[in-house]
Amino acid sequence: MPARAWALLLVLCGTIFLEGIDVAMLAVAVPSIRSDLDLSTSTAAWVMSAYVLGYAGFTLLGGRAADLLGRRRMFLGWLTVFLLFSGLGGFATEGWMLITARFVTGVAAAFMTPAALSIITTSYAEGPQRNQALLVFAGTAAGGFSLGLVIGGLLTQIGWRWVFFAPVLLAAAILLAALRLIPREARPERVTGGFDLAGALTAAGAMLLLAFGIVRLEHGLDGWRLTALVAAAGAALVGVFVAVERRAGSPLVRLGLLRKASTVRADLGALLFVGSFFGFQFVATLYLQELRGWSSLETALALMVMGVDAILAPTLTPRLVARFGNGRVILGGFVLAVVSYALFLPVGPDWSYAAMFPTLLLTGLAFSLAYGPLTIAATDGIEEEEQGLASGLLTTATQFGSAVGISLVTAVFGIAGGGLGGFRAALLVPVAMVALGALVTATGLRSAGAVREAPEVPEVPEVPEGATKVTVS
């Protein structure tokens, strides 16, 4: 692949790396932030939840905005917002300042991440070339999260504010490179009938309410009436959104896309798989730090082996997809994840790292097999003008998945009474999620255009000025 084509891909992958490293670093730093600013438990929890709400609430709108308003424009503009508010978070002196900064940062991620993914899916020709690019993208996402755990532990030792300042430096570097490398695209055609403002407002409202309801699951049975009321309001607003879209001249979301079975299965599979992964990671972190007394840095180093997917996703997975097809590779990842999490169910109070290692390694391997191919399946066969929407749907699914996974394991842990019994009970959640995901993906998710030979590294010509697609001649 020519240097310029690789550079373009690396810049776009830098966005998902930035998002992953940002979330992971903050997860490690929250205890120090809480202690330094004297935050209450609920305020500290909202420092994490605010980002999820902003991200999950606006991702669908962000993906469609990339299609309608321009992918390059959305990418560059919201990357700038991400940079600014991440920096502002580092200067926070009150809890509300951090919560506000994290919410806006989540909104920025909701717009820039689908834009980056849709630039990839519209810049690389559908088939082996795009698959290769998407698998590199998936591996970079995993690498950002895994590396973020370690970097977050190190930076927290220096001072938690560096957890906010470090992403600013990385975002600035990505922004400068993106200005030069992302080609200018043709001005999007004027939307006939105007912008679907009613659809945008109802979609954002529904997603925010549903995300808030999911986050509240971590309270278990406490305040269940409010949780149920919020969830019901979100579901009702989804109904309003569907009614609005059916009548809109230029709908925000073409409902026909939601009837594409392979896309729906891929998005649902991604929700369940990512949810199980984050749920397991959360339980494992609590087990190591609260029950075993390990430091944040020791925990991060222990979990780092799960980052093997950053190496395998762009190297091994493309060959497996080419030989066996997307569907079989995805199913293999789900089955491997079931085995991996099940191996951790009998966790004891004094387990050695050697006893934990098989689960951690297999979890990383399962992620490398499932996540990238799910990304391919979710955007495969979608028209170019709807790639942003397809990317937004996938990102929405993964964000809701992470919220569901973490909230459910927290709720089950509390209901089970905490302690070792609570950890074992909570571990049933990721097992159940990936088992259900295996059933969903096994019902018909198929590979498009699988071949019998391992793909060669695609040859991509230089991106000329003004071009909007990287293609193979």
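Predicted model: local features only at pLDDT ≥ 70, side-chain atom pairs only at ≥ 80, totals over all residues.
**Entry 1**

I started with helix 16 (residues 419-426) and helix 17 (residues 428-442), whose axes come within 4 Å and cross at roughly 5 degrees. Angles under 35 degrees count as roughly parallel, so I noted helix 16 as roughly parallel to helix 17.

**Entry 2: the whole chain**

Next I stepped back to look at the protein chain. I counted 17 helices and zero strands. I checked the radius of gyration too: the value is 21 Å, close to the 23 Å that the globule rule gives for 473 residues, so the chain is as compact as a globular protein of that length. Along its principal axes, the C-alpha trace spans about 60 × 50 × 45 Å.

How much of the chain is buried? I got 55% of the 473 residues. I also looked at how far apart in sequence the contacting residues are. Taking contacts with a separation of 6 or more, I found that 85% of them join residues 24 or more positions apart.

**Entry 3: the nonpolar cores**

Then I went inside. The largest nonpolar core has 121 residues, and Phe75 and Phe273 are the ones with the most contacts inside it. Which helix gives the most to this core? My note says helix 9 (residues 261-291), with twelve residues.

Apart from this core I found another, of 16 residues; Leu39, Ala44, Val47 and Val163 are among them.

I wanted to know what phenylalanine 75 touches, leaving aside its neighbours within four places in sequence. My list has Leu12 and Thr15, then Met112, Ala115, Ala116 and Ile119, and finally Ile174, Ala178 and Ile182.

**Entry 4: one leucine**

Last, I picked leucine 84, which lies in helix 3 (residues 71-90).

Note on methods: Residues numbered from 1 in each chain as written. Heavy atoms only, no water. Axes fitted to C-alpha atoms, helices over the stretch in contact; angles between N-to-C directions. Helix = DSSP H or I, 4+ residues; strand = E, 2+ residues; numbered from the N terminus. Parallel < 35°, antiparallel > 145°, perpendicular 65-115°, else oblique. Core = buried A, V, L, I, M, F, W, Y, C linked by side-chain atoms within 4.5 Å. Buried < 20%, exposed > 50% of the residue type's maximum accessible area, 1.4 Å probe, protein only. Contact = heavy atoms within 4.5 Å. Rg over C-alpha atoms; globule rule 2.2 N^0.38 Å.
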